[in-house]
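Please open the structure in a viewer and keep the sequence at hand.

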Amino acid sequence: MPKVIPSVTLLRYTEKPEQTVAIAAKLCYSNYDIDTLINKNDNTDVSKFIGNLISMGHYSPLEHASFTFGIEGVSRSLLAQITRHRIASFSVKSQRYVSAKGAFNYIVPKGIEKLGKEAVEKFDSQMQTVQQWYNEWAEALGVGESSYEDARFVLPNAAETKMIVTMNARELLHFFELRCCNRAQWEIRNVAWKMMELVLEVAPVLFSVAGPSCCKGKCAEGEKTCGKAVQIREKKQTLIDSLKK
């Protein structure tokens, strides 16, 4: 039952996402047929047009570009948070059909890591105890689905899960605004920044304004602000600069 860390992969995304968004937006104001719009925009630089689109707040065309991520090494606690984003699709490893008997992976909370080696060892020992409890219940309940679905009730939020997540560009902007913020929980914040890095690499114009509210202007957290807007903007710029190399 090893400790694991998050892993995020961009599995698939809409071909030519920025051109797709531009074609969809231009259709709204054009007499051209769709084939003509494709021919005019499919292989052209649409950066300025996309920038204008975003600055006007015309976000609905962004929904035509979707991005699919593979996410591993994250906790069931993160799962509870990310599935609150309703305009998304999720496929998640089942604790009902997949047995954790023998060894379940788990995530060590950052706060416990900061307490030092002894604290981590204590946490590891607790996870081993939970593993024993799970194994005992799985044995007592028999074999198969009914065994796993009830034995899983003793598993902690720290238990690892894996998922495939698909969001469109508009929802991703909303996701990044909430989850890249310093006020977000550390695990989902780390995952969100990695997701943002991956989409910036393939659609830099679409996600030029991505990030917490302080990346675009005033912090939306009000009195609860972390007070680190400058550092966050620098972090975003450093990420953009690194992708240009």
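**The chain as a whole**

Begin with a cartoon view: the chain contains 10 helices and four strands, where helices (H or I, at least four residues) and strands (E, at least two) are DSSP runs numbered from the N terminus. This is a predicted model, in which local features need pLDDT of at least 70 and side-chain atom pairs count only at pLDDT 80 or more, while totals for chains, interfaces and linings use all residues. Residues are numbered from 1 along each chain as its sequence is written, and side-chain values use heavy atoms, with hydrogens and water left out.

Followed from the N terminus, the order of elements is β-α-α-α-β-α-β-α-α-α-β-α-α-α. The C-alpha trace spans about 70 × 45 × 35 Å along its principal axes.

Next, display the surface. Its accessible area is about 13700 Å², with 50% belonging to carbon and sulfur atoms; such areas come from the Shrake-Rupley method with a 1.4 Å probe, and for residues only the protein chains shown count as cover. Of the 245 residues, 40% are buried (buried means under 20% relative accessible area, exposed over 50%, partly exposed in between; 1.4 Å probe, protein chains only).

**The nonpolar cores**

Select Phe-67, Phe-69, Ile-71, Phe-176 and Phe-207: these have the most contacts inside the largest nonpolar core, a set of 47 residues. A nonpolar core here is a set of buried Ala, Val, Leu, Ile, Met, Phe, Trp, Tyr and Cys residues joined through side-chain atoms within 4.5 Å. Then highlight helix α9 (residues 186-202), which supplies the largest share of this core, nine residues. Move on to Val-108, Met-127, Val-130 and Ala-158, which are among the 15 residues of a second, separate core.

**The cysteines**

How many disulfides does the structure hold? It holds zero, a disulfide being a pair of cysteine sulfur atoms within 2.5 Å. Select Cys-180, which is buried at 0% relative accessible area; the closest cysteine sulfur, in Cys-215, is 7.9 Å from its own, too far for a bond. Cys-215 is likewise in no disulfide, and its nearest cysteine sulfur, that of Cys-214, is 4.8 Å away. Cys-215 is partly exposed, at 23% relative accessibility.

Finally, select Ile-34 in helix α2 (residues 34-41). Ile-34 is partly exposed, with a relative accessible area of 47%.
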